[in-house]
Amino acid sequence: MDGQLSIRQRMRNKKHRFEADGKPSAFSIKRKERGTCKKAIKRYFPVFVLPTMIAFTIGFIAPFLLGIYLSFCKFTTVTDARFIGLENYGKVFQDPTFLHSLWYTVLFTVLSMLLINVLAFAVAMVLTKPVRGKIFSGLYFYAEFDRWNYSGIYLAASVKRSACTLGKTLTYSGTYGLMGMIILVCWQQIGYMMIIYISGIQNIPGELIEAAKIDGANSRQVLRKVIIPMVMPSITICTFLTLTNGFKLFDQNLALTNGAPSKMSELLALNIFNTFYGRAGYEGVGQAKAVIFFLIVGLVAVIQNRMTRSKEVQQ
């Protein structure tokens, strides 16, 4: 409209507002400082990024590309690799232990992911209550401190001893081994995921919950219609972490059962390890399993991430 200054004119007037006495204005000083900072960042950006990129290339990209190439070769060491095409991949799907480990890993991942997220969310809801949270918060932090003071090996030994008191060992069957590993990873990860859920719940505006209660919503409806949609970003993060951790589980499987009995409790990561290092002449097959394992985990993670992100509420 006529008589009104444009935004550019207002900024120009603000810039020169304090320059009547010949001194630069605060606006121009801050603008100059920002320009100097940007120039410094552009100048020294390669100095900070280049060492990290070199280390990342040497430690990850180069071994990853070499591993893909070796999956098409027969070798005992990197220097004697001989290209044989898709023969290793054919042997992978002819290996009954790989197929068993694949579905066993999927079952373990689904069960552990559901248990960890449901229990972590339930505990987070209790701890964010104004009264009950104060009662249980001390117990949680004691358990969290205790968890960090025990390594996975000690906890694995405790799970083994607990199973022995029931008259069966974890290596009695694949089912016992599965239950033992689920108990172990739940104890290790519930506290961590719970902290993420608490952060998400505390970021929910109180006005939304109050408005829902005023409209007549009961506790279950508030949980389903308000709280869960608002914490979907936290659900996305926790689901992604528990999903990938379940597929990649190795050391706990090795410590608890080592695949016993007869590889019935062998997860996919341990199966790849035993194929590569435990079977002479099967190094290429083990590497092909590793490539397939990477593709499966990557595909599942991308699908899960898109599914949960599509349900997030724009805040």
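Helices H4 and H7 cross in a right-handed sense. The model described here is a predicted one. Helix H4 covers residues 96–127 and helix H7 covers residues 174–202. Their axes approach to within 6 Å, and the crossing angle is roughly 40°. Angles under 35 degrees would count as roughly parallel, and those from 65 to 115 degrees as roughly perpendicular. H4 and H7 are therefore oblique to each other. In the contact of H4 with H7, 24 residues are nonpolar and five are polar, while no charged residue takes part.

A second pair of helices, H9 and H10, was examined in the same way. Helix H9 runs over residues 219–230, and helix H10 over residues 232–248. The axes of H9 and H10 come within 5 Å and cross at roughly 60°. Because of this angle, H9 is oblique to H10. On the side of H9, the contact is formed by Ile228, Pro229 and Met230. On the side of H10, Met232, Pro233 and Ile235 contribute. The residues of the contact of H9 with H10 comprise six nonpolar ones, with no polar and no charged residues.

These helices belong to a chain with 13 helices and two strands. The chain has 315 residues, of which 34% count as buried. Its accessible surface comes to about 20,400 Å². Carbon and sulfur atoms account for 66% of that surface. Contacts were also considered by separation along the chain. Among those between residues at least 6 apart in sequence, 68% join residues at least 24 apart.

The relative accessible area of cysteine 73 is 0%. Since a residue counts as buried when this value is under 20%, cysteine 73 is buried. Leaving aside residues up to four places away in sequence, cysteine 73 touches Ala81, Arg82, Phe83, Ile84, Asn88 and Gly284. A further distance was computed from cysteine 73 to glutamate 283. In sequence, cysteine 73 and glutamate 283 are separated by 210 residues. In space, the C-alpha atoms of cysteine 73 and glutamate 283 are 9.0 Å apart.

How values were computed
Residues numbered from 1 in each chain as written. Predicted model: local features only at pLDDT ≥ 70, side-chain atom pairs only at ≥ 80, totals over all residues. Heavy atoms only, no water. Axes fitted to C-alpha atoms, helices over the stretch in contact; angles between N-to-C directions. Helix = DSSP H or I, 4+ residues; strand = E, 2+ residues; numbered from the N terminus. Parallel < 35°, antiparallel > 145°, perpendicular 65-115°, else oblique. Left-handed = near helix turned anticlockwise from the far one by under 90°. Nonpolar A, V, L, I, M, F, W, Y, C, P; charged D, E, K, R; others polar. Contact = heavy atoms within 4.5 Å. Buried < 20%, exposed > 50% of the residue type's maximum accessible area, 1.4 Å probe, protein only. Areas by Shrake-Rupley, 256 points an atom, 1.4 Å probe, with all protein chains shown as cover.
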